[in-house]
Structure formats: C-alpha cells, structure tokens
Amino acid sequence: KTLVLDELFEKHRALFIAIGAGLPWFMGIPGENLNGVYSANEYLTRSNLMESYNFPEAHTPIKAGQRVAVVGGGNVAMDSARTALRLGAEKVYNIYRRSRDEMPARDEEIENALEEGVELVLLSNPVELLGDENNNLKGVKLLRMELGAPDESGRRRPVEVPGSEFELDLDVLVMAIGNGPNRLLLETIPELKLNSWGYIEVDEDGLSSIEGLYAGGDIVTGSATVISAMGAARRAGRAIRASLKI
C-alpha cells in the first residue's frame, strides 16, 4: 500500500513475491466473533513467540481455558491442541469432520496428541458457536457426519447426518482449518494472474504473468513446507540471474 509495483519497478529490474499465505480461514458460522475464539495463527503466536504463558511478565495475554476445542485435522491442529494442554487445560478436544484415516496430520503428531490426553471428536462439524450474555464462548454446537464418495482430494467427502446435533461445553476454541493468501498486496496488482484459490500463477521458474515479477512459496502453492519455499526461491533466483545476464 505504501510502495506500489510500478514504483518498485522504477528502481528494480526484477521482483520476487514471498509473502506466504498467512491469512487464517474461519468457517463463517455464527459465533466466531465471541471472546475465546482464536485462529491457530494467533493462538500459537501468542502462546509461543509472545510468551503469553508468562503473563503479566510478558505483555500479551491469552485466554488459556479449561475446556478447549481445536477444529481441524492437520499438524497445526495437533500443535494447537498440545499447546492448550501445556497452558493448563483440563480437557482438550480435537474436532474433525472426517475419520482419523483421512486426517492430514502426520501419524506421529496424532499419536503424540493422544498420548498427552487430547480427545478426538471425529465425524463431527461445528455449525454454531454458543456464547453467554457477555459474549464469551460457552460451547459449540456440532453436527455428526458420515463419509460419502471421494472428493477432489481423494478423501471421502463428509456428509451431514440430519437431526444429529449435539453440544460441547467450552471456554476456548481454536480454528486450525488452514490459511489463504492475504489480499492486501494482491489487490494492488489487478493485472496479476491468480488461480481459482487466489494464489499467484507462475511457470516452472517462478515467473508470474507480469514480466520481471516472480513469486514462490505458500503464495503460489498454498500451505506447504519451508523446504518447498526455499526450493522455489532458488529456482526463481537462478531464473532472475539468467534474465538479467548477471
């Protein structure tokens, strides 16, 4: 917003976008604005980098919670659930809409979470977060699911079971269902070609639809690994050197 693309190209012959995909996804269900609802990004950042466990010596508080639920089935969900235990929670649920076989987290992550006391709530999906008169989270309403035919990911698609609602009492809920591209930069470059998920389209060298503008990492692939991002940067670096003949 402070320095637009054209201004950067006045001083540089090539640019590389490596902003990642750190915009947390929420489900769009009622109650997600209640006190006690976190994205995994915020929850893990506050509890680790900002040392909220050491409040008030550290300046960033966190609502630790005694009954915590984490929504999602990936490694970040496992990190969040185990962090909740370390913050002193008495009960930690991991809510996932498919079965354990479809969970994308590594097996060792799931096993470690179970060994530490995390309780899996499988084939269940939140439909509403419940609050009290002070807008504090007090529970989640869930709908049971069953598995249907495989979807585009190859995993069996979760299908709602009508009339199967049930509730869990909670005081903290962490959404760990993934991240997307932050639109802050991309909206200033309307001519940049994006895919259907909103990520930057590039060729094998990382070159985008704009000459001299390269990109790599999660802003291209979606959430992936540090190694993958480093590889993309190296490939783009070689391509940039070749294009500039340096």
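Apart from its neighbours within four places in sequence, serine 99 is in contact (heavy atoms within 4.5 Å) with Leu122, Leu123 and Leu147. The model is predicted, with local features requiring pLDDT of at least 70 and side-chain atom pairs counted only at pLDDT 80 or more, while totals for chains, interfaces and linings use all residues. Residues are numbered from 1 along each chain as its sequence is written, and side-chain values use heavy atoms, with hydrogens and water left out.

Serine 99 sits in the loop between E5 and helix H4 (107–116); helices (H or I, at least four residues) and strands (E, at least two) are DSSP runs, numbered from the N terminus. With a relative accessible area of 17%, serine 99 is buried, a class defined as under 20%, against over 50% for exposed and partly exposed in between (1.4 Å probe, protein chains only). Its side chain forms a polar contact of 2.2 Å with the side chain of glutamate 102. Such a contact is a pair of N or O atoms within 3.5 Å; within protein, one must be able to donate a hydrogen and the other to accept it, and residues adjacent in sequence count only if both atoms are side-chain atoms.

Five strands form an open sheet in the order E3-E11-E4-E5-E6, with parallel pairing, where two strands pair if DSSP finds at least two bridges between them. Strand E3 (37–39) and strand E6 (119–121) are the edge strands, each pairing on one side only. Neighbouring strands of this sheet are turned by 25 degrees against each other on average, direction ignored. Axes are lines fitted to C-alpha atoms, for helices over the stretch in contact, and angles run from 0 to 180 degrees between N-to-C directions. Three bridges link strand E5 (residues 91–95) to E6 in the parallel sense, and isoleucine 95 has valine 121 in E6 as its bridge partner. Helix H3 (residues 75–86) lies across strand E4 (67–71), E5 and strand E11 (172–175), at about 170 degrees to E5.

Valine 118 occupies the loop between H4 and E6 and is buried, with a relative accessible area of 5%. Leaving aside neighbours within four places in sequence, the contacts of valine 118 are Ala81, Leu85, Val92, Asn94 and Ala113. The C-alpha atoms of valine 118 and glutamate 90 are 9.9 Å apart, with 28 residues separating the two along the chain.

Strand E7 (residues 124–131) and strand E8 (residues 137–150) run antiparallel and are joined by seven bridges. Leucine 129 has valine 140 in E8 as its bridge partner. The hairpin of E7 and E8 has five residues between the strands, and asparagine 135 takes a positive phi near 65 degrees there.
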